[in-house]
Amino acid sequence: MYEQETMISTPDGEMTTFVTHPDGDGPFPVAVLYMDGVGYRDQIKTNARRFAADGYYCVAPDLFYRSGEKLTFDFARMGDEAYRARLISIIGSVKPDAVVADTEAIFDAIADDPAAASAAKVCVGYCMGARMALHAAAAMPDEFVAAAGIHPGALVTDQPDSPHRDLADVRGELYFAFAENDHSATPENVDRFRQALGEHGVAGVVERLPGTSHGFAMADLPVYDEAATERHFERTLELWRRNLSQERVGT
């Protein structure tokens, strides 16, 4: 496997980005991995490697770069009110439109890499990254043919910028896997998101994984669930393969 950590120039500065793909010339279809709210760390790279091993040019950017380089948070300290408040503030500073600009910067940076296919792309996001994957799929429908969101929070709110409103602009297929034990993603909220998917005619699957808690797909967190993690890898890869098989991968 090839892997490298590189700096990508964006309108807001230099963004640390992890790139990994199989050995060989490729080209390999591009998959963007949007990190969770815990931060850019080894576990993000581990998940990226898993996708790359299946034949993808996986790119995982540090979405916290505007607040500091390679910021990560200790899940065990979430009981510390001040510590938790800082985390929430930094997560809140990551805006969907800015992440789209970051994604465009990534695509510009890898455009000349012969290992990266130039046609259809896919993405996956965890926690806050699931929101970013949904927004990217809506804002860049000519780029993303499929997007997955893993243990997201509430995607349907009463606010004008509710994430579910992005569904109106999504043309690709979606897979969203919610945790069963997540106060921000209640059964009612998940049902409302599933209903909105249908109302907008978006192809996709929405499910709640029994017995799981928010963060289940990250092996460095105490809520890690191996069976649910394997399911999300399998379902996400199936989603990507199915949709990419309908597209002509560029060289």
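Analyst: What follows is a short tour of a predicted model.

User: Good. Which residues touch the most other members of the largest nonpolar core?
Analyst: Tyr34 and Trp240 do. That core holds 88 residues. Helix α4, residues 128-139, gives the largest share of this core, with 8 residues.

User: What is Trp240 in contact with, leaving aside its neighbours within four places in sequence?
Analyst: Ala31, Phe51, Tyr56, Val122, Cys123, Val124 and Ala146.

User: On to helices. How far apart are the end C-alpha atoms of α3?
Analyst: They are 21 Å apart. Helix α3 covers residues 96-110, which is 15 residues.

User: Now Asn47. Where is Asn47, and is it buried or exposed?
Analyst: Asn47 sits in helix α1, residues 42-52. It is buried, because its relative accessible area is 2% and the cut-off for buried is under 20%.

User: Which side chain does the side chain of Asn47 make a polar contact with?
Analyst: The side chain of Gln43, at 2.9 Å. Setting aside neighbours within four places in sequence, Asn47 also has contacts with Leu33, Tyr126, Ala217, Met218, His232 and Phe233.

User: Backbone next. Which peptide bond is cis?
Analyst: The one from Gly26 to Pro27, with omega near 5°. Pro27 is in the loop between β2 (13-21) and β3 (30-34).

User: Why flag that?
Analyst: Most peptide bonds are trans, and most residues other than glycine have a negative phi.

User: Where does phi turn up positive in a residue other than glycine?
Analyst: Lys70 is one case, with phi near 55°. His151 is another, with phi near 35°.

User: Where do Lys70 and His151 lie?
Analyst: Lys70 is in the loop between β4 (57-61) and α2 (81-92). His151 is in the loop between β6 (144-150) and β7 (173-181).

Methods. Residues are numbered from 1 along each chain as its sequence is written. This is a predicted model: local features need pLDDT of at least 70, side-chain atom pairs count only at pLDDT 80 or more; totals for chains, interfaces and linings use all residues. Side-chain values use heavy atoms; hydrogens and water are left out. A nonpolar core is a set of buried Ala, Val, Leu, Ile, Met, Phe, Trp, Tyr and Cys residues joined through side-chain atoms within 4.5 Å. Buried means under 20% relative accessible area, exposed over 50%, partly exposed in between (1.4 Å probe, protein chains only). Helices (H or I, at least four residues) and strands (E, at least two) are DSSP runs, numbered from the N terminus. Contact means heavy atoms within 4.5 Å. The expected span of a helix is 1.5 Å times one less than its number of residues. A polar contact is a pair of N or O atoms within 3.5 Å; within protein, one must be able to donate a hydrogen and the other to accept it, and residues adjacent in sequence count only if both atoms are side-chain atoms.
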